[in-house]
Amino acid sequence: MAAPTADDRVKRFFGIDPTDKLDDSLYFEHDGSYIEHEPSTAQFLKGMLPTTRGVKHYFTELFPFVKWIFHYNLTWLMGDIIAGVTVGFVVVPQGMAYANLAKLPVEYGLYTSFVGFLLYWAFATSKDITIGTVAVMSTIVGNIITKVTAENELLDPAQIARSLALISGAILLFIGLIRAGFIVEFIPLVAIASFMTGSAISIASGQVPTLLGLKDVNNRDSTYLVIINSLKALPTAGLDAAMGMSSLVGLYGIRMFCSYMGKRYPARQKTWFFIGTLRMAFIIILFILVSWLANRGVTDPKKAKFKILGPVPSGFQHTGAPDMTPELLAAIAPEIPTTVLVLIIEHIAISKSFGRVNNYIIDPSQELVALGFTNLFGPFLGGYPSTGSFSRTAIKSKAGVRTPLAGIFTAVIVLLALYALTSVFFFIPNAALAGMIIHAVGDLITPPREVYKFWQAAPIDVVIFFAGVFVSIFTTIENGIYVTIGAAGGVLLFRMAKSPGKFMGQVDIHTTPRDTIRGNAHLEKGALESQHSHTAFLAYDRFDLSNPDLKIRNPYPGVFIYRFGEGLNYVNAARHLDNLTIYVYKHTRRTELNKFQKLGDRPWNDPGPRRGQSLDNEEIASRPTLRAIILDFSAVNFVDTTSAQALVDLRNQFDRYAAPDRVEWHFANVQNRWTKRALVASGFGVDSVHSIPEGAGGIEAPGASFNTTGKGGYAGPLVAVGEAADSGSVISGKSASVQSGGSSPAPVGEKGLGDGAHHNPAVDIEAAVPASRSTTHGTAGSGNVRLVPVHGINRPFFHIDAPTALKSVIRNLEGRSDDSS
């Protein structure tokens with residue numbers, strides 16, 4: 001007897017039997033067959049360790065500009081200059097307008113925009129996105145400033161905004177650096193659409209009092225109150241209304257006219273696009289001129305005939321680190337989650353959208369690095385929280401931007417405005433800025449046609465959409481965010497918990513051109529071009545809208561095929577297995593009909609027929625006994641402890657039900673090696689008796705008594721085989737890669753489990769294999785094609801697909817019948 005190892009002693013210390021382990025490789029290694037070894041914890045931890053290649057890849061991805069900067073050329077330069085300057089003419093008036101939303105002086109909007117354009121390009125994976133001031137984030141910053149200053153009037157609004165940006169930037173940078181950008185996938189499209197729509201309505205409503213010059217209207221109230229109070233205050237409208245409404249009409253008029261002319265004259269569509277893009281610059285210049293003519297000689301903005309912007313300091317007047325006192329940090333701490341969430345939602349949603357439009361893929365983690373870096377260092381030049389802008393990104397994309405470097409040219413325009421145009425900004429009418437804001441956020445409202453698409457795809461999403469919009473209108477934008485994300489997450493969990501598994505029936509499928517079917521209600525099998533068919537499985541309930549005239553038959557008496565709907569985990573394991581139990585009991589009978597001779601011996605939940613009736617009635621006797629269960633794991637990626645234990649409990653329950661027989665358990669389409677490990681550890685997929693009879697080619701399966709030498713000719717469980725990678729060579733011995741003393745090749749790493757991506761030289765995804773190849777290469781018996789097992793022969797109850805699993809089950813059951821006869 002071998003001396004106990006250190007592992008054995010540790011196991012005994014914790015009360016674990018050292019012999020309680022599955023190591024059946026010893027039963028196969030002697031003949032050189034391919035076997036599977038379960039992944040170990042050591043492999044998992046080793047996969048988590050950084051490698052030289054991984055570290056190099058990490059830093060290469062951290063500075064993506066290295067991949068394209070050395071290919072920069074004059075063509076790219078011209079495209080970037082045009083796009084950058086075009087966006088610059090838009091961002092200057094927008095930046096000042098959005099600073100008003102944030103309850104900050106207008107120069108802070110220019111500071112924020114400058115930093116975003118200056119820094120983003122070095123970390124960007126999107127050529128289109130523009131980081132800077134945006135309406136929604138500015139509004140939230142303004143709400144936070146209003147709330148915090150109401151509680152502590154001594155806190156400076158600018159310091160609040162800058163501190164908020166620095167802390168949020170640090171959080172985003174950390175998330176990006178640890179490559180946790182996948183968290184953005186938890187925010188669904190419907191939540192983003194609802195948030196943007198609710199925010200746009202709230203922002204536009206809040207700008208109406210400024211647009212019309214209404215008095216005594218608090219635009220920081222809930223949106224519905226702002227609308228009501230604005231209607232009540234309409235009689236107080238002044239000259240500001242003329243400035244605001246005319247600017248709004250001018251903006252929409254120019255856009256509609258340019259859009260019409262672009263369609264009317266397609267050859268000059270690009271020209272009309274640029275003219276339409278510059279409409280904000282045209283309007284702001286026009287109204288500066290009008291305001292200057294109306295207020296010539298005015299030095300005090302309070303004495304102007306309508307509200308104007310007033311003095312704007314030149315250059316960077318608020319540089320340095322934010323003054324983050326303990327009182328300030330305590331005041332803004334509850335608002336940081338909302339700020340981070342909004343920054344992520346706007347930026348990632350916009351960058352993904354334009355990446356799909358322009359045929360490139362963005363890296364969410366790297367985008368969070370870029371966004372975090374911008375917000376972390378922006379406050380040192382006076383910036384407040386900034387993120388991606390939808391309107392400016394759309395303009396930049398349509399202007400023909402070639403690389404992220406276009407942001408540098410936009411930053412130059414902002415810098416010129418800061419140093420050369422601030423004296424002109426004095427005369428900008430506040431009402432005109434309000435009109436620009438309303439015009440800009442109007443594009444954020446989800447159009448009805450998109451909401452209708454939500455209804456067509458998933459009606460519940462429309463409910464979530466309007467719930468978020470209504471909450472934003474009747475409470476706050478922040479509450480709208482939480483409601484939509486929470487509701488979407490709740491629906492996801494509900495769907496997982498109630499995921500419908502399906503019992504599958506067998507169908508023989510033929511293929512034929514569509515034109516042979518149209519108008520032919522009585523298509524005969526003999527009329528098909530090819531008589532070849534293959535086995536497929538469809539759900540008995542036909543919930544997939546398959547043809548009700550299609551014949552779906554039972555695969556085999558007492559055999560059930562069950563396909564999981566949305567995975568198997570602790571949330572839905574009980575539901576799936578309850579469905580299995582109820583269905584199986586309804587369509588089978590106990591192997592021993594008269595197991596309970598006395599009425600009092602029967603369990604309460606299976607009382608049987610009433611007193612005086614026969615226990616062995618014809619209806620029950622006509623049902624088959626339970627023989628085998630095939631579980632289709634095509635929708636299952638991971639099995640946790642709860643679901644694995646539930647399967648074990650169900651197996652034991654079915655074994656008691658089918659006693660003295662035992663139920664076979666087969667698994668199809670198990671793709672994850674850790675799922676296999678969990679199933680094997682629970683006693684599935686493997687042989688239960690490790691004995692190789694004399695002259696037999698296999699091992700006895702659970703509960704089976706197979707004929708290995710009799711008339712059935714049984715030679716062990718059925719194993720799927722396929723053509724070897726070196727199929728051109730004649731079989732002359734055992735393969736070094738597959739049959740090398742039982743050692744399996746290194747498993748392919750799986751993303752999310754710490755493994756890197758390993759290249760498998762035996763896999764050529766670009767090689768096209770003709771469908772008729774099997775007919776031209778002969779068979780294994782001809783000696784010119786080598787076949788190898790798909791999975792390890794020590795895991796005979798894991799199958800490549802459901803048809804193979806069914807074939808194996810039928811063969812096993814018929815082997816039992818032959819043996820018993």
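Predicted model: local features only at pLDDT ≥ 70, side-chain atom pairs only at ≥ 80, totals over all residues.
Buried means under 20% relative accessible area, exposed means over 50%, and partly exposed is in between (1.4 Å probe, protein chains only). Residues are numbered from 1 along each chain as its sequence is written, and side-chain values use heavy atoms, with hydrogens and water left out.

**Around Ile481**

- You'll find Ile481 in helix α21 (residues 477-497); helices here are DSSP runs of H or I, at least four residues long, numbered from the N terminus.
- Leaving aside residues up to four places away in sequence, Ile481 touches Phe195, Thr338, Leu341, Val342 and Ile345, where contact means heavy atoms within 4.5 Å.
- Ile481 and Ile345 sit 136 residues apart in sequence, with 9.7 Å from C-alpha to C-alpha.

**Aromatic pairs**

- There are 35 aromatic pairs in the structure; rings of Phe, Tyr and Trp (its six-membered ring) pair if their centres lie within 6.5 Å, with planes under 30 degrees apart called stacked, over 60 edge-to-face and the rest tilted.
- Tyr58 and Phe59 make an edge-to-face pair, because their planes are at 90°, with ring centres 5.4 Å apart.
- Tyr58 is partly exposed at 25% relative accessibility, and Phe59 is partly exposed at 47%.
- Tyr224 and Phe474 form a tilted pair, 5.1 Å centre to centre with 35° between the planes.
- Tyr224 belongs to helix α9 (residues 223-232) and Phe474 to helix α20 (residues 459-474), so this pair ties together parts 250 residues apart in sequence.
- Tyr224 counts as partly exposed at 30% relative accessibility, and Phe474 does at 47%.

**Charges over rings**

- Arg296 lies over the face of Trp292, 5.8 Å from the ring centre; the test is NZ of Lys or CZ of Arg within 6 Å of the ring centre and within 35 degrees of the ring normal.
- Arg651 has its charged end over the ring of Phe684, 4.4 Å from the centre.

**Helix packing**

- Helix α7 (residues 157-177) packs on helix α15 (residues 364-377) at about 155°, with axes 7 Å apart; axes are lines fitted to C-alpha atoms over the stretch in contact, and angles run from 0 to 180 degrees between N-to-C directions.
- That makes α7 roughly antiparallel to α15, a label for angles over 145 degrees.
- Residues making the contact include Ala165, Gly169 and Leu173 of α7 and Leu368, Gly372 and Phe373 of α15.

Conventions
Helix = DSSP H or I, 4+ residues; strand = E, 2+ residues; numbered from the N terminus. Parallel < 35°, antiparallel > 145°, perpendicular 65-115°, else oblique.
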